[in-house]
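This report looks at charged side chains and their partners. Please keep the sequence and the 3D view at hand.

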Amino acid sequence: MEKQKTVMGLILLLFVVGVSAWTGEIHGRVVCDVCGDSSLGPEDHVVEGAEVAVLCITRSGEVLNYQAFTDAKGIYTVAETMPESDRWDACLARPISSFHEQCTQLGEGSLGVKFSYNHPSGYSHNVRTFVYRPTSVPTYCI
C-alpha cells in the first residue's frame, strides 16, 4: 500500500512539473487631446476611468474577452497566466468609452489595434495610445 502511494505521488509530481505556465501582459494609455490637434502637448491630459476591451485568441482557438479601466495615470493593464499551450496568439484592443465629462469623442485612428502576441512568458506588449477629443475645442487652442 505504501509503495502504491509513493508511485502515485511520483506520477502526480511528474504531471505537475510537466505543465509549464505562461504569463502575458498588455498595457496601454488613454489621453484627452484637448485642442484636437492630433499632437500630444502640455494642455492634454490622461483620461482616468476610460473603458478598454481586449479580446485575445489563444493558440488552442479559445477567445478570451477582457475588460479594463484606466487608472489615475491613464493606463490600463490586462494580465493572464495560463498553460503555455493555451497562450495568447493574437489580440485586439479597442476603446469602449470615456467617462471624462468633456473628452468623449474618439479621435481618428483610435478605433482599435490588432496585434500578434509572440512575447515569451513574463514580457508585456504596449498598445499605442488611444485618444479622445472634446466635443468643442477650448478658445485657448484656437
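Contact here means heavy atoms within 4.5 Å.

## Basis

The model is predicted: local features need pLDDT of at least 70, side-chain atom pairs count only at pLDDT 80 or more, and totals for chains, interfaces and linings use all residues. Residues are numbered from 1 along each chain as its sequence is written, and side-chain values use heavy atoms, with hydrogens and water left out.

## Glu 51

Glu 51 sits in strand β3, residues 51–58 (strands are DSSP E runs of at least two residues, numbered from the N terminus). Beyond its neighbours within four places in sequence, Glu 51 is in contact with Gln 67, Ala 68, Phe 69, Pro 95, Ile 96 and Ser 97.

Glu 51 is buried but has no salt bridge. Buried means under 20% relative accessible area, exposed over 50%, and partly exposed in between (1.4 Å probe, protein chains only). A salt bridge puts a side-chain nitrogen of Lys or Arg within 4 Å of a carboxyl oxygen of Asp or Glu. The nearest side chain of opposite charge is Arg 94, 8.7 Å away (Lys and Arg count as positive, Asp and Glu as negative; His and the chain ends are not counted).

## Salt bridges

The whole structure holds three salt bridges. Asp 33 pairs with Arg 133 at 3.7 Å, N to O. This pair links distant parts of the chain, 100 residues apart: Asp 33 is in the loop between β1 and β2, Arg 133 in strand β10. Asp 33 is buried, at 1% relative accessibility.

Glu 84 bridges to Arg 87, with the closest N and O atoms 3.7 Å apart. Shared partners join Arg 59, Glu 84 and Arg 87 into one network.

How values were computed
Helices (H or I, at least four residues) and strands (E, at least two) are DSSP runs, numbered from the N terminus.
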